[in-house]
Amino acid sequence: MLRITTYNWVPVFAQGYVRDLPLRWACEEMSLPYELRLITRQDKDSKEHRKLQPFGQVPVLEDGDVTIFESGAILLHLGEKSEILLPKEASKKARARTWVFAALNSIDPVVREFRAAADNADKQEWAKLRQPQALENMKNRLRELNQWLQGREFLEEQFSVGDMMMTIMLRNIEPEILAEFPEVAKLQATCEARPAFQKALAAQLKTFAEHSP
Ligand SMILES: N[C@@H](CCC(=O)N[C@@H](CS)C(=O)NCC(=O)O)C(=O)O
């Protein structure tokens with residue numbers, strides 16, 4: 001049985017965004033059951049948890065004798081279980097894996113920088129000053145992604161863990177901004193409309209509702 005470690009509860013603004021979401025999503029895509037190991041914010045610094053996740057974060061996946069952290073590494077591990085997530089053909093698999101890294105290394109940094117500036121612009125001077133450039137940097141990446149997606153439903157020929165990780169990153173961007181990049185917005189909408197994504201999101205929200213302080 002797969003075991004996913006995540007928080008038992010997070011504040012409302014973070015609900016629906018905790019990174020156990022792509023793991024739950026992958027399990028739902030493959031119709032694989034999973035169990036949860038729920039920790040509190042205090043538990044994250046425990047010796048037991050640090051053994052599983054050196055940075056005290058979530059998620060962690062335990063799969064038999066394999067224990068891994070980092071949602072990207074976990075998605076790649078789960079992808080090996082089914083062609084729904086990762087093509088078997090080497091050249092196609094390499095492309096799908098590439099997009100997981102692209103989401104994490106080429107999209108996430110610009111989104112994070114923008115979020116840090118935008119979310120603090122009304123409180124901190126540095127953020128107010130940084131926001132316009134951070135927005136431009138993020139939009140440049142989104143424009144390039146939009147160009148790549150012309151004429152494609154997914155990042156490659158078939159849906160994969162690459163689309164999943166990209167969707168997780170895109171969820172951190174305001175819909176009004178994404179709407180300027182119709183192909184990117186379409187990819188996100190298509191992926192989020194998948195029944196497996198909807199089930200995973202509902203399951204995460206249910207966990208937090210059940211453990212609300
Ligand atoms: N690079 C990590 C990031 C994980 C991460 O940011 N986890 C958040 C929850 S979504 C967390 O545990 N935050 C608490 C902390 O950083 O102390 C991954 O993708 O797994």
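Which residues does Gln-15 touch, not counting residues up to four places away in sequence? They are Trp-9, Val-10, Gln-204, Leu-205 and Phe-208, where contact means heavy atoms within 4.5 Å.

1. A word on the basis first. This is a predicted model, in which local features need pLDDT of at least 70 and side-chain atom pairs count only at pLDDT 80 or more, while totals for chains, interfaces and linings use all residues. Residues are numbered from 1 along each chain as its sequence is written, and side-chain values use heavy atoms, with hydrogens and water left out.

2. Back to Gln-15: you'll find this residue in the loop between strand E1 (2–7) and H1. Helices (H or I, at least four residues) and strands (E, at least two) are DSSP runs, numbered from the N terminus. Gln-15 counts as buried because its relative accessibility is 19%; buried means under 20% relative accessible area, exposed over 50%, partly exposed in between (1.4 Å probe, protein chains only).

3. Lys-47 sits 32 residues from Gln-15 along the chain, and 26 Å separates their C-alpha atoms.

4. Now look at Gln-204, which belongs to helix H9 (residues 195–210). With a relative accessibility of 0%, Gln-204 is buried. Leaving out residues up to four places away in sequence, Gln-204 touches Gln-15, Gly-16, Tyr-17, Val-18, Asp-20, Leu-21 and Arg-24.
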